[in-house]
Amino acid sequence: MYSTAFLDLPPLRQASGSVQLPGSKSISNRVLLLAALSEGTTEVHDLLASDDTRVMLDALRALGCGVHEAGGGVACITGLGGRRPASPAKLFLGNAGTAMRPLTAALALLGGEYELSGIPRMHERPIGDLVDALRQLGCRIDCLGSEGYPPLRIDHEGGLPPLRLDAPIRVRGDVSSQFLTALLLALPLVAQEQDVVIEVVGALISRPYIHITLELLARFGIAVRHDDWQRFVIPAGSQYRSPGQIHVEADASSASYFIAAGAMAAGLDGQKPLKILGVGLDSIQGDIRFVEAAQAMGARVAGGPGWLEVGRGAWPLKAIDLDCNHIPDAAMTLAVMALYADGVTTLRNIASWRVKETDRIAAMACELRKLGATVEEGPDWLSVAPLPRAADWRAASIHTYDDHRVAMCFSLAAFNPAGLPVRIEDPRCVGKTFPDYFEALFAVAQTPPERIPVICIDGPTASGKGTVAAQVAQQLGYHFLDSGAMYRTAALAAMRAGIAIEAQHEPRLAELARHLPVRFEGGRIWLAGDDITDAIRTEEAGMNASRVSALPAVRQALVALQLGFRRLPGLVADGRDMGTVIFPAAPLKVFLTASAAVRAERRHKQLISKGISATISDLRADLEARDARDASRSASPLKAAEDALLLDNSLLTIDEAVAQVVAWWQARQPF
Ligand SMILES: Nc1ncnc2c1ncn2[C@@H]1O[C@H](COP(=O)(O)OP(=O)(O)O)[C@@H](O)[C@H]1O
Ligand SMILES: Nc1ccn([C@@H]2O[C@H](COP(=O)(O)OP(=O)(O)O)[C@@H](O)[C@H]2O)c(=O)n1
């Protein structure tokens with residue numbers, strides 16, 4: 001997951017390969033609650049690991065359920081099975097509507113004393129209709145802030161009050177179907193002696209989500225009947241029965257971004273279409289019908305159980321005018337696809353967007369306009385005019401409103417024909433449903449290497465290149481290439497193979513370097529099966545690296561390995577010749593220096609802190625010798641590229657040096 005302040009997506013051109021989607025949030029949290037209400041242990045597979053499931057798991061733990069996270073997306077939940085939950089309890093539910101609503105209903109029907117709260121946005125999301133329905137039954141629930149909004153307090157300290165179950169429970173269905181879902185999930189708790197009937201007031205929106213709820217209730221032994229989605233009957237004698245094991249389907253809404261990417265950029269130039277795994281045409285989720293909308297816009301889609309394949313069909317995409325009531329979440333993706341269409345696209349019946357993580361109609365309109373689009377909005381509709389010519393597009397910094405779907409659907413603007421990057425602010429918000437969304441996108445999206453930004457930081461030894469480069473990479477979410485580590489590794493491999501580092505052995509050393517079995521993984525460096533991270537950091541290894549790096553054939557042998565680090569979304573490369581030889585067209589080159597005295601002192605501190613003894617005068621002599629060799633060698637000598645910016649950081653702190661490089665980078669961005 002990217003936890004950077006923003007993530008710049010370079011312009012993307014194609015999509016291919018396959019992507020495995022994470023489990024559905026709606027299904028994950030429903031399954032967790034049902035397992036928590038059942039007797040016995042339920043093994044939940046393919047559970048989504050996200051902010052919303054995290055708060056649900058924490059809440060279940062606090063309520064006294066057994067929660068064992070076995071790793072690999074498996075959680076074992078031992079349910080209450082008729083026991084009273086731990087009380088009193090305070091539950092923090094973040095911004096997870098799928099936890100707040102059903103837990104409110106279940107706890108109101110179980111007795112005890114609870115406070116349920118969330119982040120500030122959760123306290124702006126209405127829950128009054130559910131609270132009213134529960135109050136009708138006789139439950140005592142207070143809104144602690146504004147009436148009709150969380151935080152809530154359930155006050156059944158003295159036990160559950162007598163419930164009025166004879167009359168049908170009436171709940172509005174036209175604001176959010178989550179209220180009805182909450183009641184359907186919880187009311188079997190009290191459907192013992194008699195049937196419990198729920199009547200929906202007003203037209204039911206997001207019916208597909210109710211379909212998921214009913215399917216999952218059936219998996220847990222509760223057979224709800226309904227008359228045309230307006231009247232639901234939970235039969236007397238209902239009892240939650242754990243299915244033992246249950247698999248969570250991948251999120252069909254998450255599939256929409258890849259279906260869109262496929263429709264826009266897959267199957268081109270004879271390439272195969274984009275394959276999407278984890279959800280297929282047999283899905284129980286309503287958002288799978290996004291496939292039909294994408295097809296209407298021109299996508300070529302094939303699929304089967306648990307898989308889809310998508311490629312570009314019509315291009316430009318075809319504009320549509322669609323009632324989106326059946327695909328409320330995935331429909332946001334259509335709003336961005338509309339930028340690539342042949343006319344104005346109108347999305348209707350999307351009033352529920354206004355009460356989601358943010359006011360999504362307003363948010364989408366505002367951010368689409370930043371890209372250059374002409375957008376109109378109404379209380380429950382949005383219409384988007386396309387950007388047919390490259391010149392119509394603008395580079396934009398997309399505000400994401402702590403809304404995962406805004407972040408994910410705007411990533412699709414990176415396929416723009418103008419070759420403009422797109423900045424996604426607060427990319428971490430995708431953690432709600434798809435923590436590794438951007439990683440998944442980068443694994444299937446392609447772009448010519450020259451479009452992937454590289455920041456080069458070259459300079460003499462101990463100037464702080466590695467330290468600064470690694471931190472710049474971290475701030476921008478970019479990959480990091482420590483090219484010196486490659487020379488150090490090549491030198492170590494030579495020593496281990498018994499090859500002296502001398503010009504006469506140049507062909508053998510180059511051969512060794514060309515096939516170096518080196519892996520960079522999670523901050524560690526492996527040579528074949530050996531962790532050499534520390535072994536290559538000694539001063540001796542540095543000297544040997546300097547010697548082996550003077551051999552032109554060795555340098556040549558390591559070029560391909562270094563170029564391979566230029567991957568989406570970008571790279572920060574540190575070394576001696578990053579800007580002069582390896583990435584000569586890099587958009588930012590920095591030559592980082594510090595005086596020899598300062599560098600010797602820094603290296604001394606660094607070695608002492610690692611428990612390696614050294615004297616400053618020896619170190620200074622060594623580094624000056626290394627500087628001299630690096631600067632005077634014929635192959636790629638150490639020198640600043642002509643277009644490099646010079647940064648002498650003798651008097652700067654690390655943070656100041658990093659801030660300067662990031663500021664230079666930002667100044668060159670179009671946002
Ligand atoms: N601006 C700075 N001020 C103080 N110390 C620094 C600064 N930059 C780097 N250092 C320290 O100097 C040491 C050498 O830095 P390093 O990144 O290993 O250099 P290089 O990669 O150029 O050889 C590290 O211990 C680092 O923490
Ligand atoms: N791009 C690069 C990186 C390192 N090198 C060589 O590899 C040696 C070790 O690199 P490094 O960056 O790990 O070394 P330090 O700067 O940490 O001493 C340097 O002394 C250089 O001679 C190079 O020639 N070209």
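# Briefing: domains, cores and ligand shells of a predicted model

An unreviewed UniProt entry lists residues 15-441 under "domain: Enolpyruvate transferase". The structure discussed here is a predicted model.

**Domain layout**

- The domain assignment gives domain 1 as 6-22 + 251-447, domain 2 as 25-247 and domain 3 as 450-667.
- Taken over C-alpha atoms, the centres of domain 2 and domain 3 are separated by 56 Å.

**Nonpolar cores**

- The largest nonpolar core has 86 residues, of which Ile259, Ala261, Ala335, Met337 and Leu412 touch the most other members.
- Helix H7, residues 252-265, gives the most to this core, with 10 residues.
- Apart from residues up to four places away in sequence, Ala335 touches Leu347, Met364, Leu368, Leu382, Val384 and Cys409.
- A second, separate core of 77 residues includes Leu107, Ile127, Val131 and Leu189.

**Positions in the UniProt record**

- The unreviewed UniProt entry places the feature "binding site" at Lys25, Ser26, Arg30, Ser176, Ser177, Gln178, Ser206, Asp329 and Lys356.
- Lys25 is found in helix H1, which spans residues 25-37.
- Lys25 counts as buried because 27 other C-beta atoms lie within 10 Å, where the cut-off is 20 or more.
- Beyond its neighbours within four places in sequence, Lys25 is in contact with Leu48, Ser50, Asp52, Thr53, Thr98, Asp251 and Thr433.
- Ser206 sits in the loop between strand E12 (196-201) and helix H6 (207-219).
- Ser206 is likewise buried, because it has 23 C-beta neighbours inside 10 Å.
- Leaving aside neighbours within four places in sequence, the contacts of Ser206 are Ser177, Pro328 and Ser352; Ser177 is itself listed under "binding site" in the UniProt record.

**The loop at Gly145**

- Gly145 is found in the loop between strand E9 (141-143) and strand E10 (152-156).
- Gly145 is partly exposed, because 13 other C-beta atoms lie within 10 Å.
- Outside four places in sequence, Gly145 is in contact with His123 and Pro151.
- Gly145 and Ile27 are 118 residues apart along the chain, and their C-alpha atoms are separated by 30 Å.

**Shell around ligand 1**

- Ligand 1 has 14 residues around it, and Gly464, Lys465, Gly466, Thr467 and Arg602 come nearest.
- Helix H13 (465-476), helix H20 (596-609) and helix H22 (654-667) each supply at least two residues of this shell.
- H13 gives the most to the shell around ligand 1, with 3 residues.
- By class, the shell around ligand 1 has 4 nonpolar, 8 polar and 2 charged residues.

**Shell around ligand 2**

- Ligand 2 is surrounded by 17 residues, the closest being Thr461, Gly484, Ser549, Gly575 and Arg576.
- At least two residues of this shell come from each of helix H14 (483-496), helix H16 (539-548) and helix H21 (616-632).
- H14 gives the most to the shell around ligand 2, with 5 residues.
- By class, the shell around ligand 2 has 4 nonpolar, 8 polar and 5 charged residues.

Key
Residues are numbered from 1 along each chain as its sequence is written. Chains are lettered from A and ligands numbered from 1 in the order in which they are written. This is a predicted model: local features need pLDDT of at least 70, side-chain atom pairs count only at pLDDT 80 or more; totals for chains, interfaces and linings use all residues. A residue is near a molecule or strand if its C-beta atom, placed from the backbone, lies within 6 Å of it. Helices (H or I, at least four residues) and strands (E, at least two) are DSSP runs, numbered from the N terminus. Ala, Val, Leu, Ile, Met, Phe, Trp, Tyr, Cys and Pro count as nonpolar, Asp, Glu, Lys and Arg as charged, and the others, Gly among them, as polar. UniProt positions are given in the numbering used here, feature names are shortened, and annotations may be inferred rather than shown by experiment. A nonpolar core is a set of buried Ala, Val, Leu, Ile, Met, Phe, Trp, Tyr and Cys residues joined through C-beta atoms within 7 Å. A residue is buried if 20 or more other C-beta atoms lie within 10 Å of its own, exposed if 12 or fewer, and partly exposed in between; C-beta atoms are placed from the backbone. Two residues are in contact if their C-beta atoms, placed from the backbone, lie within 7 Å. Domain bounds come from an automatic or database domain assignment.
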